[in-house]
Amino acid sequence: MTLAATLILIGRVVLGLFFVIAGVRNFLRFSDRCQMATNYGFKLPPVLTALGFVAQLVGGLSLTLGILPVWGAVVLILFLIGATALFHNLFLFKGEEQQPHIYFTLVNITLAAYCLMVIGVSL
């Protein structure tokens, strides 16, 4: 295995484990997560909340294990778009209240870009 291939593998596994750990943590705090209101003031139905956490786990495991990593990355990108739109819509806030949402939006954009790199390398 070349150095480049080894670094790509390590990067894909680390990205995948990030989402696996997040999904496990979210399921362990499922009742608390179901009580969180979106930026629009409503709570997601528990089934939809669970579906998001399943997307984290399945997408993360896909990347970690290298099983259909393109599809796993697509699932994670869709999850990140939904999570950002519902919980980190920075355009709904002003001043200091906007600061954490700017940060989380940038983090989610970066994670989605990382998923795009996984797709590009896997094709």
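Colleague: At its relative accessibility, does Phe42 count as buried, partly exposed or exposed?

Modeller: This is a predicted model, in which local features need pLDDT of at least 70 and side-chain atom pairs count only at pLDDT 80 or more, while totals for chains, interfaces and linings use all residues. Residues are numbered from 1 along each chain as its sequence is written, and side-chain values use heavy atoms, with hydrogens and water left out. A residue is buried under 20% relative accessible area, exposed over 50% and partly exposed in between, using a 1.4 Å probe and protein chains only. Phe42 has a relative accessibility of 39%, so its class is partly exposed.

Colleague: In which loop is Phe42 found, and which residues does it touch beyond four places in sequence?

Modeller: Helices (H or I, at least four residues) and strands (E, at least two) are DSSP runs, numbered from the N terminus. Phe42 is found in the loop between α2 (30-34) and α3. A contact requires heavy atoms within 4.5 Å. Leaving out residues up to four places away in sequence, Phe42 touches Met36, Ala37 and Leu86.

Colleague: How many helices and strands are there in the protein?

Modeller: Read along the sequence, the elements follow the pattern α-α-α-α-α. The count is therefore, by the DSSP runs, five helices and zero strands.

Colleague: What percentage of the residues in the protein is buried?

Modeller: The C-alpha trace spans about 50 × 30 × 20 Å along its principal axes. Of the 123 residues in the protein, the buried ones make up 37%.

Colleague: Which residues does Leu80 touch, not counting residues up to four places away in sequence?

Modeller: Leu80 is among the residues with the most contacts inside the largest nonpolar core. Beyond four places in sequence, Leu80 touches Phe19, Asn108, Leu111 and Ala112.

Colleague: Is Thr105 buried or exposed, and what is its relative accessible area?

Modeller: Thr105 has its place in helix α5 (residues 99-122), where His101, Asn108 and Leu111 are among the buried residues. Thr105 touches Thr84, His88 and Leu90, not counting residues up to four places away in sequence. Thr105 is itself buried, because its relative accessible area is 9%.

Colleague: Which backbone oxygen does the side chain of Thr105 reach?

Modeller: A polar contact is a pair of N or O atoms within 3.5 Å; within protein, one must be able to donate a hydrogen and the other to accept it, and residues adjacent in sequence count only if both atoms are side-chain atoms. At 2.8 Å, the side chain of Thr105 reaches the backbone oxygen of His88.

Colleague: How far apart are the end C-alpha atoms of α5?

Modeller: The expected span of a helix is 1.5 Å times one less than its number of residues. The 24 residues of α5 should therefore span 34 Å. The computed distance agrees, as the end C-alpha atoms are apart by 35 Å.

Colleague: Against which elements do the buried residues of α1 pack?

Modeller: The buried residues of α1 include Leu15, Phe19 and Val20. Those buried residues pack against α2, α3, α4 and α5.

Colleague: What kind of aromatic pair do Phe27 and Phe30 form?

Modeller: Rings of Phe, Tyr and Trp (its six-membered ring) pair if their centres lie within 6.5 Å; planes under 30 degrees apart count as stacked, over 60 as edge-to-face and the rest as tilted. By this rule there are six aromatic pairs. The ring centres of Phe27 and Phe30 are 6.1 Å apart and their planes lie at 20°, so the pair is stacked.

Colleague: Which residue forms a stacked aromatic pair with Phe42?

Modeller: The two rings are 6.5 Å apart, centre to centre, with 20° between the planes.

Methods:
Core = buried A, V, L, I, M, F, W, Y, C linked by side-chain atoms within 4.5 Å.
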